[in-house]
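User: Hello! Could you walk me through some side-chain contacts and backbone details here, one question at a time?
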Amino acid sequence: QDGTKIVSGSADKTIRIWDTKTGTLINTLAGHGDHVYCVTISQDGTKIVSGSADKTIRIWDTKTGGLINTLEGHGGRVYSLAISLDGTKIVSGSGDKTVRIWDMKTGSLINTLEGHGDYVRGVAMSKDGKKIVSGSLDNSLKVWDAETGRLIWTTNPRLYCKGVRIDGVTGLSDINRLLLVQRGAVDGSLQGDTGG
């Protein structure tokens, strides 16, 4: 995280560490059995975490390139990863439609968050470690309580209806109405609640 290295994942099943100043290859980490879709590095720069189409998450020692741990449990490709700021937790998103929280030190599964209707392609954790945000191909974003796994908030994927026209809509909040207008699903002249 000091800006001296870039970490990349590839379809050749490897993770590579590069020197940002010279562009030279520092190390190649091998072990995944399929495409590496995502990589991230801990805030202190000591660990690299990678996710793959082989459905595993691997934790690597940045300095030596050695494999520290392999996390298994996802039923689909691992598309996205995040590490908590304090380096104690890993969050992963997968083609199995779940978000999972893992213990960095032990590699054990802490929680599985379910609710998306399609692949989870992006995850992030708040700086204080209390919230997780996930984005999915179901066209929704979800905010979760990182401690309990409770869903706090979600966008409504049904609002993403490009090319669809809706008539006789009532009972919309201002933000939902604006989203529908922006997507051309209703006329811009649609008024507020009519009590229906």
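**Contacts and corners**

Analyst: Happy to. There are 3 salt bridges in this structure, which is a predicted model.

User: Which residue forms a salt bridge with Asp12, and is that partner buried or partly exposed?

Analyst: The N to O distance in this bridge is 3.2 Å, and the side chain that meets Asp12 is that of Arg16. Asp12 has a relative accessible area of 37%, so Asp12 is partly exposed. For Arg16 the relative accessible area is 24%, so the partner too falls in the class called partly exposed.

User: How far apart are the closest N and O atoms of Arg58 and Asp54?

Analyst: Arg58 has a relative accessible area of 13%, which makes this arginine buried, since the cut-off for that class is under 20%. Its salt bridge is with Asp54, and the closest N and O atoms lie at 4.0 Å.

User: Is Arg100 buried or exposed?

Analyst: Arg100 forms a salt bridge with Asp96, with 3.5 Å between the closest N and O atoms. Its relative accessible area is 12%. Because buried means under 20%, Arg100 counts as buried.

User: Now the rings, please. Is the pair of Tyr37 and Tyr79 stacked, edge-to-face or tilted?

Analyst: The count of aromatic pairs is 2. In this one the ring centres are 5.0 Å apart and the planes meet at 50°. Stacked needs planes under 30 degrees apart and edge-to-face over 60, with the rest called tilted, so the pair of Tyr37 and Tyr79 is tilted.

User: How many residues apart in sequence are the parts that this pair, Tyr37 and Tyr79, ties together?

Analyst: Tyr37 belongs to strand E4 (residues 36–41) and Tyr79 to strand E8 (residues 78–83). Tyr37 is partly exposed at 34% relative accessible area, whereas Tyr79 is buried at 10%.

User: What is the angle between the planes of Tyr79 and Tyr119?

Analyst: Tyr119 lies in the loop between strand E11 (109–114) and strand E12 (120–125), 40 residues from Tyr79. Its relative accessible area of 33% makes Tyr119 partly exposed. The pair is 5.4 Å from centre to centre and counts as stacked, with a plane angle of 25°.

User: Which residue has its charged end over the ring of Tyr79?

Analyst: Tyr79 is part of one aromatic cluster with Tyr37 and Tyr119. A charged group sits 4.1 Å from the centre of the Tyr79 ring, and it belongs to Arg121.

User: On to the backbone: what is the phi of Lys55 near?

Analyst: Most residues other than glycine have a negative phi. Lys55 has a positive value, and its place is in the loop between strand E5 (47–52) and strand E6 (56–61). With 40% relative accessibility, this lysine is partly exposed. The phi of Lys55 is near 75°.

User: And where is Asn139 found?

Analyst: Asn139 also has a positive phi, near 70°. Its relative accessible area is 45%, which makes Asn139 partly exposed. The asparagine is located in the loop between strand E13 (131–136) and strand E14 (141–145).

User: Last one: how many residues in the lining of the largest pocket are charged?

Analyst: The largest pocket has a volume of about 270 Å³. It is lined by 17 residues, and those closest to its centre are Lys89, Asp128, Gly129, Lys130 and Ala146. In the lining, 5 are nonpolar and 4 polar, and the number of charged residues is 8.

Methods:
Residues numbered from 1 in each chain as written. Predicted model: local features only at pLDDT ≥ 70, side-chain atom pairs only at ≥ 80, totals over all residues. Heavy atoms only, no water. 1 Å grid on protein atoms, 1.4 Å probe; cavity = no way out; pocket = protein on both sides within 12 Å on 5 of 7 lines; lining within 4 Å. Points joined across faces, edges and corners; volume = space filled by probe spheres on them. Nonpolar A, V, L, I, M, F, W, Y, C, P; charged D, E, K, R; others polar. Phe/Tyr/Trp six-rings, centres within 6.5 Å; stacked < 30°, edge-to-face > 60°. Helix = DSSP H or I, 4+ residues; strand = E, 2+ residues; numbered from the N terminus. Buried < 20%, exposed > 50% of the residue type's maximum accessible area, 1.4 Å probe, protein only. Lys NZ or Arg CZ within 6 Å of the ring centre and 35° of its normal.
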